[in-house]
Amino acid sequence: MEWQWIVARASGFTAYGLVTLAAVLGLLLSQRWQSRRIWPRPVNDQLHQYLVLLAGIFTAIHGLSVLIDPFTKFTWFEVLVPGVGHYRPLWMALGIIAAYLGLAVVATGWLRPKIGYAWWRRLHYLTFVVWLLATLHGLGDGSDTRTAWA
């Protein structure tokens with residue numbers, strides 16, 4: 001097994017775990033489930049942003065590692081454009097769309113002062129779509145999906 005494939009698998013699982021943690025923490029923050037004495041809101045906000053940043057980094061590593069994997073032979077076009085890949089195009093498309101929607105959700109954080117809290121919150125609901133698409137991508141495209149540990 002080539003090291004690129006190992007990196008692709010590990011980074012995919014890591015990105016998915018980080019997206020899940022960021023989404024759960026975001027939900028907890030939105031419901032105000034926290035202790036102000038033990039774990040103040042600024043700490044939670046920073047942790048949420050850090051998890052999102054790490055998820056983005058590992059998603060990029062995932063995409064780059066499948067791109068350079070000599071076995072898969074993906075092109076830049078296949079990695080960046082949903083539905084055109086030669087290998088399981090539907091499942092690949094779901095992962096690519098999840099990545100793009102994830103970027104859109106991150107952009108809403110930067111645009112929050114311009115779009116206002118209400119729109120920022122509405123657009124943040126795309127996080128659920130990101131998580132669902134990433135889940136479907138992993139289930140349909142993942143080589144380890146049927147293993148007990150996965």
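This is a guided tour of a predicted model, taken one selection at a time.

Local features here need pLDDT of at least 70, side-chain atom pairs count only at pLDDT 80 or more, and totals for chains, interfaces and linings use all residues. Residues are numbered from 1 along each chain as its sequence is written, and side-chain values use heavy atoms, with hydrogens and water left out.

Begin by colouring the protein chain by pLDDT, the predictor's confidence in each residue, from 0 to 100. The chain averages 90, and 95% of the residues score at least 70.

Next, select Leu18, Val19, Ala22, Leu25, Leu29, Leu51, Ala55, Leu94, Ala98, Val130 and Leu133, which form the largest nonpolar core. Such a core is a set of buried Ala, Val, Leu, Ile, Met, Phe, Trp, Tyr and Cys residues joined through side-chain atoms within 4.5 Å; buried means under 20% relative accessible area (1.4 Å probe, protein chains only). Helices are DSSP runs (H or I, at least four residues), numbered from the N terminus. H1 gives the most, with five residues.

Now centre the view on alanine 22. Apart from neighbours within four places in sequence, alanine 22 is in contact (heavy atoms within 4.5 Å) with His48, Leu51 and Val52.

Finally, select H5. Its buried residues are Thr127, Val130, Leu133, Thr135, His137, Gly140 and Asp141. These buried residues pack against H1, H2 and H4. Among the elements of the chain, H5 has the highest mean pLDDT (95) and H2 the lowest (91).

Technical notes:
Buried < 20%, exposed > 50% of the residue type's maximum accessible area, 1.4 Å probe, protein only. Helix = DSSP H or I, 4+ residues; strand = E, 2+ residues; numbered from the N terminus.
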